[in-house]
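Thanks for coming. I will talk through one structure this morning, and I will keep to what can be computed from its atoms.

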Amino acid sequence: MKYLKFSIVIIIEIFIAIYICGLCSYADFTISENEVNVEVGQNYQIVVDVYGVTDEVSARALSPNIAKINENGEITGLADGVTYIIFTSSDGSIRKHCIVTVGTGKSTIYSIYILLAEAIIAITIILIFMISYKKFVRKRIYEEKRLEEQENW
């Protein structure tokens, strides 16, 4: 009898725990891709699977000039570069992201920076050469003058 009362209490506690966990239902969503490569003008469909209490997921691009996403989850590449698409649950408690590379992944600004860096390197090399050559010429002129002076003595 003692064990029966104990068993009934445990069963009731289990049912209460299950009921409470049901009230605190689990909500989440998944996205079909974590990384996407698209070309400029090309579209790519991301699938968002929602389960639990969360019923709506919004999405936005961090760099809307590189890629955009519509309400159906279709990503469109707009310009070469890399951006993130951020997915957020309706209550804001869950956030996930997808990295989107459009074209080569190098933006035109990035290409300009590379060209500027190459130009600066070339100018630096030319300046170093010119300074070294100028020192060489000065040293040679100095040595020629010294030799002339020695011959004149």
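I will take the sheet, then the hairpin, then the core, and end with some rings.

A word on the source. This is a predicted model, in which local features need pLDDT of at least 70 and side-chain atom pairs count only at pLDDT 80 or more, while totals for chains, interfaces and linings use all residues. Residues are numbered from 1 along each chain as its sequence is written, and side-chain values use heavy atoms, with hydrogens and water left out.

Helices and strands here are DSSP runs numbered from the N terminus, with at least four residues (H or I) for a helix and at least two (E) for a strand. Two strands count as paired if DSSP finds at least two bridges between them.

Start with the open sheet. Four strands make it up in the order β2-β9-β8-β5, and the pairing is mixed. At the edges stand β2 and β5 (57-61), each with a single partner strand, so one side of each has no neighbour in the sheet. Neighbouring strands are turned against each other by 25° on average, direction ignored; the angles are taken between lines fitted to C-alpha atoms, with N-to-C directions giving a range from 0 to 180 degrees. Between β8 and β9 there are eight bridges, in the antiparallel sense.

Staying with β9, which covers residues 95-102, we find T101. Is T101 buried or exposed? T101 is buried, because its relative accessible area is 18% and buried means under 20%, with exposed over 50% and partly exposed in between, using a 1.4 Å probe and protein chains only. Setting aside residues up to four places away in sequence, T101 touches V36, N37, V38, G81 and V82. Contact means heavy atoms within 4.5 Å.

Next, the hairpin. β6 (residues 67-69) and β7 run antiparallel and are joined by three bridges, with A67 having G77 as its bridge partner in β7. Four residues lie between the two strands of this hairpin, and G73 in the turn has a positive phi of about 85°. Strand β7 (residues 74-77) also runs antiparallel to β3 (residues 43-45), again with three bridges. There, Y44 has I75 as its partner.

I75 leads us to the core. A nonpolar core is a set of buried Ala, Val, Leu, Ile, Met, Phe, Trp, Tyr and Cys residues joined through side-chain atoms within 4.5 Å. The largest one has 16 residues, and those with the most contacts inside it are I46, I75, I85, F87, C98 and V100. Which strand gives the most to this core? That is β9, with three residues.

Last, the rings. Rings of Phe, Tyr and Trp (its six-membered ring) pair if their centres lie within 6.5 Å; planes under 30 degrees apart are stacked, over 60 edge-to-face, and the rest tilted. That rule gives two aromatic pairs. F129 and Y133 are stacked, at 6.3 Å centre to centre and 20° between the planes. Both lie in helix α2 (residues 108-152), four residues apart. Y133 and F136 form a tilted pair, at 6.5 Å and 35°. F129, Y133 and F136 make one aromatic cluster. F129 is exposed at 56% relative accessibility, whereas F136 is partly exposed at 47%.
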